[in-house]
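Morning, everyone. Let me put the model on the screen and walk you through a few places in it.

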Amino acid sequence: MDVQTELTRFDPETPLEEALTPPASWYQSRVFSGLERETVFRRHPLMAARDDQLETTGSWVSMELAEESWLVTRDMKGKLHGLANSCRHHGSRLCEGEGVGEAIVCPYHGWTYGLDGALAAAPGAGAIKGLGGPDCRLPDFPVEEWGRLLLLHPSAGSPLDPGLKAMETILKESGWQDAKWVARRRYPMDCDWKVFVENYLDGGYHVSRVHPGLAGGLELPEYATTWEEEWVLQTCPESFPAMESPGEVRYLWMHPNLMVNFQWPWVDVNFVIPTGPGRCEVVFDWWVEASRAGDTRFVESCLAASDRVQAEDASICSRVQKGMRSASYEQGRYSPAREGGMRHFHRLLMEDFRSSASA
Ligand code: FES
Ligand SMILES: [Fe+2]
């Protein structure tokens, strides 16, 4: 397969009414997974942690995505850091999961780093020159707080999209700042990560057919999609809004793989992690308005409803992945009325791919 040819099969300039979607090769080849690893997942801020995971000094959270891994830490002075998660000695992965401690100790030979990434000790290593120098400290990456999340910039040159800063009203009306985090669940998926994102960005097109339960609470004819820079926002009036609700659900996607859903009294975050060509995992975090967090029955029933929606999406996404494997399927079409946001995603992908010298 020739990457160049497969890339030019998607034309981001064709009017939506005539446009073809990216070819099936983008969703099932190692070459594309590799290209995404070097471009898409290196050029934009990525979800690294929730703020509650890094409340205390000495806490750290590791994240892994597309064969790369980083740490977010809060040092003993309370300062946040984004750090590489590979030891400076021979590269061993330093941490997995999350934890609290005064130092990061490599499991291999015990090199020990402060939570700011500086090498504090290299036990038994003898006289190495320059131990306190930049070669021996963990490379650092900018970390930024947004809503209740900590986003890590995998390359120093990628600022958080300024357009997202302008979403203050949405954040405020959501009550997210004071909401309580209640659960995280992980869902392995039999589809490429982009299939999941596209399903999210189809402008509500699939909702009435795939999610009859969800559709009952939404005024689907009024579903609206807007996009700019590196985000897509979808809104839809609720049929029976709660008193404090802004009256609509708001689904915000941030390129490439983060989705934040505001549906009073809930906020849930989904981030999708590629786990190989044609496979991915979606991580869900849920927050609920603080006064409802203790109402176990309410929380459990809402989580169960969310699980159902996710199972419906998982099933349809895996059918898409299967269908795309057929030699008879090469490229699809867009719904001009609905899928402008999805095409925006494809354009951003194309920009990412083009940023690589090899593409
Ligand atoms: S690889 Fe980390 S101490 Fe040797
Ligand atoms: Fe869905």
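Start with glutamate 144, which stands opposite leucine 151 in strand S11. Strands here are DSSP E runs of at least two residues, helices are H or I runs of at least four, and both are numbered from the N terminus. S11 covers residues 149–152, and four bridges join it to S10, residues 143–146. The two strands run antiparallel. Pairing requires that DSSP finds at least two bridges between strands. Two residues lie between the strands of this hairpin, and glycine 147 takes a positive phi near 60°.

A word on the source. This is a predicted model, where local features need pLDDT of at least 70 and side-chain atom pairs count only at pLDDT 80 or more, while totals for chains, interfaces and linings use all residues. Residues are numbered from 1 along each chain as its sequence is written, and chains are lettered from A and ligands numbered from 1 in the order in which they are written.

Now leucine 152. Beyond its neighbours within four places in sequence, leucine 152 is in contact with Pro45, Leu46, Ala48, Trp70, Val72, Gly82, Phe141 and Val143. Contact means C-beta atoms, placed from the backbone, within 7 Å.

Next, the core. What is a nonpolar core here? Buried Ala, Val, Leu, Ile, Met, Phe, Trp, Tyr and Cys residues, joined through C-beta atoms within 7 Å. Buried means 20 or more other C-beta atoms within 10 Å of the residue's own; exposed is 12 or fewer, partly exposed is in between, and C-beta atoms are placed from the backbone. The largest core has 82 residues. Ala48, Val72, Leu150, Leu152, Phe196 and Trp253 touch the most other members. Strand S17, residues 266–276, gives the most to this core, with six residues. Domain 1 (46–152) and domain 2 (162–348) both contribute, so the core lies between them. Those bounds come from an automatic or database domain assignment.

How far apart are the domain centres? Over C-alpha atoms, 31 Å separate them. Nine residues of domain 1 are in contact with twelve of domain 2.

On to helix H2, residues 30–38. Its buried residues are Phe32, Ser33, Leu35 and Glu36. They sit on the same side of H2, because they cover an arc of only 165° around the axis. That arc is taken from the directions from the helix axis to the C-beta atoms. Their cover includes helix H1 (3–8), S17 and helix H9 (340–354).

Methods: Contact = placed C-beta atoms within 7 Å.
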